[in-house]
Amino acid sequence: MTHVRSLPLAAALVCATTAGCETPFRPKDGVQYDPPPIYLQWWSSVEQCSGRRGDFSRVLWYEVPSAPGMWGFACPNEPPGRYCTGEWHSPHTIMIAAPNEVYPGGHRYDSVTVKHEMLHDLTQSGDHGPLFARCVP
Ligand SMILES: [Zn+2]
């Protein structure tokens with residue numbers, strides 16, 4: 001399922017995994033960051049659309065290095081050759097692809113990626129049900 005507009009590769013994915021249960025997941029190469037204020041607006045809009053409510057402050061945000069020459073990182077739970085701009089891990093960790101030479105802005109301010117991962121956190125699922133088509137197309 002492709003969630004990344006304006007990027008050429010069909011393998012673009014924003015994926016998720018439910019591995020991890022309740023222990024906070026901390027990606028090995030990730031750098032934790034404070035969510036910028038715009039995230040509160042995005043969270044609120046995803047809550048409103050989905051009818052789900054969640055505690056924004058429970059989410060841990062990490063930037064993860066993109067693969068060399070790629071605009072995202074290799075998705076841990078996808079077949080080789082798939083790259084992600086974002087990934088949610090249960091219970092409340094969201095990884096976002098960091099800037100690199102291919103995608104200098106990174107995806108931290110990519111509302112499509114960030115809101116998609118927010119919806120995973122609000123639904124507490126890696127599945128892409130109808131809410132995804134409706135709220136984070
Ligand atoms: Zn997803």
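User: How are the axes and angles of packed helices defined?

Analyst: An axis is a line fitted to C-alpha atoms, for helices over the stretch in contact, and the angle runs from 0 to 180 degrees between N-to-C directions. Now take the case here, in a predicted model. H1 and H2 pack at about 55°, and their axes are 10 Å apart. That angle makes H1 oblique to H2.

User: What is the handedness of the crossing between H1 and H2?

Analyst: The crossing in which H1 passes H2 is right-handed.

User: Which residues of H1 and H2 meet?

Analyst: From H1 come Tyr39, Trp42, Trp43, Val46, Glu47 and Ser50. From H2 come Ser111, Val114, Lys115, Met118, Leu119 and Leu122.

User: Val46 is in that list. What else does Val46 touch?

Analyst: Leave out residues up to four places away in sequence. Val46 then touches Lys115, Met118, Leu119 and Leu122, and also Cys135 and Val136.

User: Let me step back. How many helices and strands does the chain have, and in what order do they run?

Analyst: There are three helices and six strands. Starting at the N terminus, the order is β-β-α-β-β-β-β-α-α.

User: What share of the chain is buried?

Analyst: A residue counts as buried if 20 or more other C-beta atoms lie within 10 Å of its own. Of the 137 residues in this chain, 36% are buried.

User: Where is the largest nonpolar core, and how many residues does it have?

Analyst: The largest nonpolar core has 22 residues. Those with the most contacts inside it are Val46, Val64, Ile96, Ala97, Met118 and Leu119. Five elements each supply at least two residues of this core: helix H1 (38–50), strands S3 (60–64), S5 (83–89) and S6 (93–97), and helix H2 (111–123).

User: What follows H2?

Analyst: Gln124 does, with a positive phi near 55°. Most residues other than glycine have a negative phi. Gln124 is not glycine, yet its phi is positive.

User: Where does Gln124 lie, and why does it count as partly exposed?

Analyst: Gln124 sits in the loop between H2 and helix H3 (130–135). It has 13 C-beta neighbours inside 10 Å, so it counts as partly exposed. The C-alpha atoms of Gln124 and His92 are 8.3 Å apart, though 32 residues separate them along the chain.

User: Which peptide bond is cis?

Analyst: Most peptide bonds are trans. The bond from Ser90 to Pro91 is cis, with omega near 0°. Ser90 is in the loop between S5 and S6, and Pro91 is placed in the loop between S5 and S6 too.

User: Why is Ser90 partly exposed?

Analyst: Count its neighbours. Ser90 has 19 other C-beta atoms within 10 Å, and buried needs 20 or more.

Conventions. Residues are numbered from 1 along each chain as its sequence is written. This is a predicted model: local features need pLDDT of at least 70, side-chain atom pairs count only at pLDDT 80 or more; totals for chains, interfaces and linings use all residues. A nonpolar core is a set of buried Ala, Val, Leu, Ile, Met, Phe, Trp, Tyr and Cys residues joined through C-beta atoms within 7 Å. A residue is buried if 20 or more other C-beta atoms lie within 10 Å of its own, exposed if 12 or fewer, and partly exposed in between; C-beta atoms are placed from the backbone. Helices (H or I, at least four residues) and strands (E, at least two) are DSSP runs, numbered from the N terminus. Two residues are in contact if their C-beta atoms, placed from the backbone, lie within 7 Å. Angles under 35 degrees count as roughly parallel, over 145 as roughly antiparallel, 65 to 115 as roughly perpendicular and the rest as oblique. A crossing is left-handed if the near helix is turned anticlockwise from the far one by less than a right angle, and right-handed if clockwise.
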